[in-house]
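Please work through the following exercises with the sequence and the 3D structure side by side, trying each task before reading its solution.

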Amino acid sequence: MDYSAKELDLIALDSIKELNYKLRQEITDNFTYSRPQKKYSANLIKTLGEGVYNKVKEDFYDQARRDRHLKELEKKGVTCVTYFSESYPKQLRSIPVPPCVLYCKGDVSLLKTRLFCVVGSRSAQMRSLKFCSDISGKISREFTIITGLADGADSAAASGAIEAGGKVIGVLAFGFDYIYPSANSALFKKVEQNGLLISENLPDVQPRRYLFPVRNRILAGLCEGVLVTAAGAKSGACITAEYAFRYGRDVFSVPYTPGSPAGEGCNKLIKKGAYLTENILDIFGAFGLDFNAQKGADLTEREQRILDAIRAEGEAHISRISAAVGCPSYELLADLSSLEVKKVIMRLGGNRYSAL
């Protein structure tokens, strides 16, 4: 990988562990040509102390150290997209403290596609996980799905998008030397093969609790919109949504029964102004996209008539569908099952069906 002088400086700067992400960004803002301005030295000394500053300065200008660092990243299959790189996402550059370097594994070109974030609770219930998987697959027709690859809703979002033939970007809160949770090893590999893994952390940075909310600003900063599918009162998914509100992104939230602990955070987001989201139409409608038009070509003539009949009533009993289509109920069972498999309708209780 060929990097410009400015990119190499930023990669070297980002490798100095004495600097936190905010200090790195402050230095980045003061870069002139291929070196940071000397006037920033006094601020660094004041912030870090003279001894640490001298070490930072020594490491930054150590060419042998730079070469070793680049070779190690290359050995691990890591590509660097820096704040100064052409492929750095414009929307991420606009947030208050953007990452100086995105360490990447996979298809870096996905950073230039339309991006939509889907997140939720690690302890989401099975019904919520199925909804998350299904709707992520639908969203992936127009957007690359971004998520955090945690247990629960994040994993469901990534799996649903991949199964639907979509692309996924997994944003990690730790370095590539680690997989957390370890049970998601296969999913990590799938995302790397079918999409992109990114982190603002060096490969040897271990998972730490405080790194996850810091990572969430990247999830919100990258995307056009955020969907929260399940969230308790203090869920990390709500932190991502709060960043999205702050950055002017659209926020979508699934409604829950009042008093439900699993959805308390979701309901609070709706009260704050998030779009109440029951199906894909609530999301695509907000972006001026026509989901139904995309599905028409996949349906047989009778399936389309059945779907039209269901949509006309919002939800319909099989007897009403039979009357509208002009076929006995038993002849419609195979078509209804096909529409369920194609994920355009949902079977409700009592032989009732609803369009998605």
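Predicted model: local features only at pLDDT ≥ 70, side-chain atom pairs only at ≥ 80, totals over all residues.

**Exercise 1: a covered helix**

Residues are numbered from 1 along each chain as its sequence is written, and side-chain values use heavy atoms, with hydrogens and water left out.

Solution. Begin with the terms: helices (H or I, at least four residues) and strands (E, at least two) are DSSP runs numbered from the N terminus, and buried means under 20% relative accessible area, with a 1.4 Å probe and protein chains only. Then step past the helix to G165, which follows α8 and has a positive phi, near 85°.

**Exercise 2: a strand and its partners**

Task: determine in which sense β4 and β7 each pair with β8, and which residues of β8 are buried on its two faces.

Solution. Two strands pair if DSSP finds at least two bridges between them. Strand β4 (residues 101-106) runs antiparallel to β8 over four bridges, with C104 bridged to I198. Strand β7 (residues 168-172) is parallel to β8, also over four bridges, and here G170 has L197 as its bridge partner. Next, consider the faces: in a regular strand the side chains alternate between the two faces of the sheet. In β8 (residues 196-199), L196 and I198 are buried on one side, and L197 and S199 are buried on the other.

**Exercise 3: the largest pocket**

Task: describe the lining of the largest pocket and find which element gives the most to it.

Solution. On a 1 Å grid over the protein atoms alone, a pocket is an open set of points, reached by a 1.4 Å probe, with protein on both sides within 12 Å along at least five of seven lines, and lining residues have an atom within 4 Å of a point. The lining counts 30 residues, of which R127, F131, V254, E278 and M346 lie nearest the centre of the pocket. Two or more lining residues come from each of α7 (126-139), β13 (345-347) and β14 (352-355), and α7 gives the most, with eight.

How values were computed
Buried < 20%, exposed > 50% of the residue type's maximum accessible area, 1.4 Å probe, protein only.
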